[in-house]
Amino acid sequence: MPSRLILVALVAVVAGLAARADTGAPPEGLVVEIGAMVFSIPRLTVEGGTLTGAELARLADPKDKTPLDERLARVTAKRIAIPEIRGESKAGERVTRFVYKDVVLEDVANGRIGALRAASLEQSVKGGGGAVEARYTNLSAKGVDTRQFAHVLAFARESDKEEAKTIEEEAAIERVSFNFPDAGIEIHAGAVTALGLRARALAEPPLAGAPDAAATPEQGAMLALTALGAMELGAFGAREVVVTGRGAPGEKPYAVKFGRLTLDKIADAKAREASIE
């Protein structure tokens with residue numbers, strides 16, 4: 001689900017807070033690099049935080065050898081509000097940009113987020129292959145484990161027997177749309193839900209990989225398949241799904257519609273049960 005980018009942004013928030021801990025003023029104009037991603041956070045507010053400025057500074061100290069997941073476990077806040085998060089990542093000619101609006105994280109403690117939501121997410125991928133544009137409306141998630149997410153992002157899997165652990169207990173999107181302008185295809189869906197998202201570390205974690213690891217669409221697709229193979233999902237559902245396309249030259253536009261898509265018990269990039277109505 002797109003909320004995984006919000007979790008990466010949480011790491012940026014921690015680093016930004018530490019960078020401004022000595023000023024005593026609300027953090028503004030934060031620009032933070034994490035792996036191949038660059039985040040821009042114009043401003044944010046934190047309520048109910050318990051860490052001192054010195055403790056926050058240690059969270060982002062590059063000389064601190066404390067693992068990332070353990071640092072995240074120290075972040076505590078009743079509420080973190082971020083009006084806007086802009087991000088960009090580059091892999092060869094492939095450029096991904098996204099903008100979150102009105103992000104709120106609640107009950108952040110011991111490496112967990114009780115609830116998070118965002119009013120919208122706009123995302124685009126261009127260069128080095130077919131372009132993709134996406135828009136998500138009213139995103140939400142509950143029971144988010146930032147420590148496990150950091151483990152998946154930054155630590156190489158040491159054993160093929162490693163068990164997947166929970167990242168999100170549940171997540172939902174009110175509406176989502178994808179546009180593939182080069183192919184003339186659009187996909188729209190409403191009420192997208194996911195339950196029981198679990199994941200294990202990858203053999204080559206994203207934050208430790210080379211910048212050009214996904215420089216082409218083919219490489220990006222392979223990375224995506226590898227990531228899917230490391231994830232498990234209890235259930236996935238989407239309602240009011242519509243696929244439209246312009247067809248080949250001289251052909252009439254087409255549209256495919258169905259009321260509901262459900263996938264259950266997803267593991268190793270396979271669903272044990274699926275249905276379309």
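This is a walk through a predicted model, one selection at a time.

**Before you click**

Residues count from 1 along each chain as its sequence is written, and side-chain values use heavy atoms, with hydrogens and water left out. Because this is a predicted model, local features need pLDDT of at least 70 and side-chain atom pairs count only at pLDDT 80 or more, while totals for chains, interfaces and linings use all residues.

Colour by pLDDT, the predictor's confidence in each residue on a scale from 0 to 100. The protein chain averages 77, and 73% of the residues score at least 70. Now select residues 210-219: pLDDT is below 50 there, and the stretch has 20 contacts in the model beyond near neighbours in sequence (a contact is heavy atoms within 4.5 Å).

**Stop 1: Glu33**

Go to strand 1, residues 28-34, and pick Glu33. Strands here are DSSP runs of E with at least two residues, and helices are runs of H or I with at least four, numbered from the N terminus. Is Glu33 buried or exposed? Its relative accessible area is 63%, so it is exposed; the cut-offs are under 20% for buried, over 50% for exposed and partly exposed in between, with a 1.4 Å probe and protein chains only.

**Stop 2: the aromatic rings**

How many aromatic pairs does the whole structure hold? The search finds 3. Rings of Phe, Tyr and Trp (its six-membered ring) pair if their centres lie within 6.5 Å; planes under 30 degrees apart are stacked, over 60 edge-to-face and the rest tilted.

Select Phe39 and Phe98: this pair is edge-to-face, with 6.0 Å centre to centre and 65 degrees between the planes. Phe39 is in strand 2 (residues 37-43) and Phe98 in strand 5 (residues 94-109), 59 residues apart, so you are looking at a link between distant parts of the chain. Phe39 is buried at 1% relative accessible area, and Phe98 is buried at 5%.

Next, show Tyr136 and Phe178. Their ring centres are 5.9 Å apart and the planes sit at 90 degrees, so this pair is edge-to-face. Tyr136 belongs to strand 7 (residues 132-145) and Phe178 to strand 8 (residues 165-180), 42 residues apart. Tyr136 counts as buried at 9% relative accessibility, whereas Phe178 is partly exposed at 26%.

**Stop 3: the nonpolar cores**

Keep Tyr100 on screen and bring up Ile82, Ile85 and Leu105. Within the largest nonpolar core, which has 32 residues, these four touch the most other members. A core is a set of buried Ala, Val, Leu, Ile, Met, Phe, Trp, Tyr and Cys residues joined through side-chain atoms within 4.5 Å. For the second, separate core of 9 residues, select Leu153, Ala194, Leu197 and Ile266, which are among its members.

**Stop 4: salt bridges**

The whole structure has 13 salt bridges, each a side-chain nitrogen of Lys or Arg within 4 Å of a carboxyl oxygen of Asp or Glu.

- Glu47 and Arg79: the closest N and O atoms are 4.0 Å apart. Glu47 is in strand 3 (residues 45-47) and Arg79 in strand 4 (residues 77-91), 32 residues apart.
- Arg117 and Glu106: the closest N and O atoms are 3.3 Å apart. Arg117 is in strand 6 (residues 112-126) and Glu106 in strand 5, so the bridge ties together parts 11 residues apart in sequence.
- Glu122 and Arg135: 2.3 Å, N to O. Glu122 sits in strand 6 and Arg135 in strand 7, 13 residues apart in sequence. Glu122 is partly exposed at 43%, and so is Arg135 at 35%.

For a network, select Glu84, Arg86 and Lys101, which are joined by salt bridges that share partners.

**Stop 5**

Switch to cartoon. Strand 6 and strand 7 pair antiparallel over 12 bridges; two strands pair if DSSP finds at least two bridges between them. Look for Arg112 opposite Asp145 in strand 7. The two strands make a hairpin with 5 residues between them, and Gly127 in the turn has a positive phi of about 85 degrees. Strand 7 also runs antiparallel to strand 8, joined by 10 bridges. End on Tyr136 again: across from it in strand 8 is Val176.
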